Amino acid sequence: MNDTVHARLPMVTALIAGLVFGLGLLISGMADPAKVLGFLDLAGAWDPSLAFVMGGAIAVALPAFTLARRRQQALLTGEPMQLPTSTRIDQRLLGGALLFGIGWGLAGFCPGPALVALGMGLDQALVFGLGMLGGMVIFEVLERRA
């Protein structure tokens, strides 16, 4: 395979994966924060559709990750597999999960759907995206001080 093509293959596969993910979010309606907030509204008009989307994602990802764990190299690129190895649950993980959940519950967005909604021109996605970028900057500043 040509070296230039081989060097670009990870970027092309990432682009295709991102497009498929974004299309899935659009088709399932998960780029709409009202859909997500409807799932989180257990005491009101609960919408279970997000649970079905998550279940479908797990059903697709579980066999793929099981196969990937057995491989030493990525199938298309030949790059070494880089799967997470840590199983430790610490304060940083719990704190990050807590912040993620609070942001998700307040805004109805998580990063993937927010980017899709931003591409759709939704104003609230822009506000969320700016807040997310601000949080990333704060994290980097705190990490460098530590």
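A residue counts as buried when its relative accessible area is under 20%. In this predicted model, helix H5 has four residues on that list: Pro-113, Ala-114, Val-116 and Ala-117. They sit on the same side of H5, because the arc they cover around the axis is only 160°. Just after H5, Gly-121 takes a positive phi of about 85°.

Leu-115 also belongs to a nonpolar patch on the surface, together with Leu-118, Leu-126, Leu-130, Leu-133 and Met-136. Together these side chains account for about 590 Å² of accessible area. Helices H5 (111-119) and H6 (123-145) are the elements that give two or more residues to the patch, and H6 supplies the largest share, with 4 residues. Leu-118, which lies in H5, counts as partly exposed because its relative accessibility is 38%.

On the aromatic side, the count comes to 3 pairs. One of them joins Phe-39 and Trp-46, whose ring centres are 6.1 Å apart; their planes meet at 35°, so the pair is tilted.

Terms used
Residues numbered from 1 in each chain as written. Predicted model: local features only at pLDDT ≥ 70, side-chain atom pairs only at ≥ 80, totals over all residues. Heavy atoms only, no water. Patch = residues over 30% accessible without salt bridge, like charges linked within 9 Å, V, L, I, M, F, W, Y side chains within 5 Å. Areas by Shrake-Rupley, 256 points an atom, 1.4 Å probe, with all protein chains shown as cover. Salt bridge = Lys/Arg side-chain N within 4 Å of Asp/Glu carboxyl O. Buried < 20%, exposed > 50% of the residue type's maximum accessible area, 1.4 Å probe, protein only. Arc of directions from axis to C-beta. Phe/Tyr/Trp six-rings, centres within 6.5 Å; stacked < 30°, edge-to-face > 60°.
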